[in-house]
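Good morning, and thank you for the time on today's agenda. Please look at the sequence and the model on the screen, and I shall then take you through the fold step by step.

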Amino acid sequence: MPLLDSAKVDQTRMNVPSVRKAKSMTTPKGDTICVYDLRFCIPNKERLNEEGMHTLEHLFEGFMHSHLDTKTVSVINVSPMSSRTGFYMSVVGIPLEFDVADAWLASMENVLNINALSEVPELNQYQCGAQDLHSLDEAKHIARNIIAAGINVDHNHDLCLSEEQLKVL
């Protein structure tokens, strides 16, 4: 089985919270799709609260659309990592990491402006597979922590495991 791009990154050296362009690819029609690692927590040391992360999942993608979409960039998806250390974001186009970081911070400010769970989109039995697994307070706690810490930019070439390391892992 081929090694995934994400497995070539040394997660112990990430400057969390951080944005990193994990990979880019060109579609058969010539569009560029980029996948960004939006890392909220230090891998293997911290995890996002499950309820707070789920509430963020309902809010984050919409806010990122409103702050990042342009004539040349469109957010496709923002999905939680199963490790509960962050989110992956796929976009058509090539936004700069600093623009992604700015959109992320603005999105966290938007989260703080939500006053009640009733304002969270798609939070019902028809559109959410775990409608009882939410916490606006925890989502706001996560947002405050990101705003207070600021967002770093990481690059694959700085975090890449060497071929020798990959052979012994």
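This is a predicted model: local features need pLDDT of at least 70, side-chain atom pairs count only at pLDDT 80 or more; totals for chains, interfaces and linings use all residues.

Sorted by class, the contact of α1 with α3 has 5 nonpolar, 2 polar and 1 charged residues.

How is such a packing described? Two packed helices are characterised by the angle between their axes and by the distance between those axes. Helix α1 covers residues 50-68 and helix α3 covers residues 136-149; their axes come within 7 Å and cross at roughly 80°. Angles from 65 to 115 degrees count as roughly perpendicular, and α1 and α3 are therefore roughly perpendicular to each other.

Let me now step back to the whole chain. How many helices and strands does the chain have? The secondary structure comes to 5 helices and 5 strands. Read from the N terminus, the elements follow the order β-β-α-β-β-α-α-β-α-α. The C-alpha trace spans about 50 × 40 × 30 Å along its principal axes. For 169 residues, a compact globule would have a radius of gyration near 15 Å, and the chain, with 16 Å, agrees with this.

We turn next to the sheet. The sheet is open and has 5 strands in the order β3-β4-β2-β1-β5, with mixed pairing. Which strands form the edges? The edge strands are β3 and β5, each of which pairs on one side only. From one strand to the next, the twist averages 25°.

Two of the pairings deserve attention. Strand β3, residues 74-80, and strand β4, residues 86-92, run antiparallel and are joined by 6 bridges. Within this pairing, Ser74 stands opposite Val92 in β4. Strand β1, residues 18-26, pairs with β5 in the parallel sense, over 3 bridges. Here Ser18 stands opposite Asn152 in β5. As background for reading any sheet, side chains in a regular strand alternate between the two faces.

The peptide bond from Val16 to Pro17 is cis, with omega near -10°.

How do the helices meet the sheet? Helix α1 lies across β2, β3 and β4, and runs at about 165° to β3. Helix α2 also packs on the sheet, where it touches β1, β2, β4 and β5; its direction makes about 125° with that of β1.

Let us continue with the contact of α1 with α2. Helix α2 covers residues 97-112, and the axes of α1 and α2 come within 9 Å and cross at roughly 125°. That angle makes α1 oblique to α2. The crossing of these two helices is right-handed. On the side of α1, the contact includes Phe60, Phe63 and Met64, while on the side of α2 it includes Val100, Ala103 and Trp104. By class, the contact of α1 with α2 has 12 nonpolar, 3 polar and 1 charged residues.

Is the crossing left-handed or right-handed? Helix α2 passes α3 in a left-handed crossing. Trp104, Leu105, Met108, Glu109, Val111 and Leu112 in α2 meet Ala139, Lys140, Ala143, Arg144, Ile146 and Ile147 in α3. The residues of this contact divide into 9 nonpolar, no polar and 3 charged.

To close, I would ask you to keep two parts of the picture in mind. Thank you for your attention.

Terms used: Residues are numbered from 1 along each chain as its sequence is written. Side-chain values use heavy atoms; hydrogens and water are left out. Axes are lines fitted to C-alpha atoms, for helices over the stretch in contact, and angles run from 0 to 180 degrees between N-to-C directions. Helices (H or I, at least four residues) and strands (E, at least two) are DSSP runs, numbered from the N terminus. Angles under 35 degrees count as roughly parallel, over 145 as roughly antiparallel, 65 to 115 as roughly perpendicular and the rest as oblique. Ala, Val, Leu, Ile, Met, Phe, Trp, Tyr, Cys and Pro count as nonpolar, Asp, Glu, Lys and Arg as charged, and the others, Gly among them, as polar. Two strands pair if DSSP finds at least two bridges between them. A crossing is left-handed if the near helix is turned anticlockwise from the far one by less than a right angle, and right-handed if clockwise. Contact means heavy atoms within 4.5 Å. The radius of gyration is taken over C-alpha atoms; the globule rule is 2.2 Å times the number of residues to the power 0.38.
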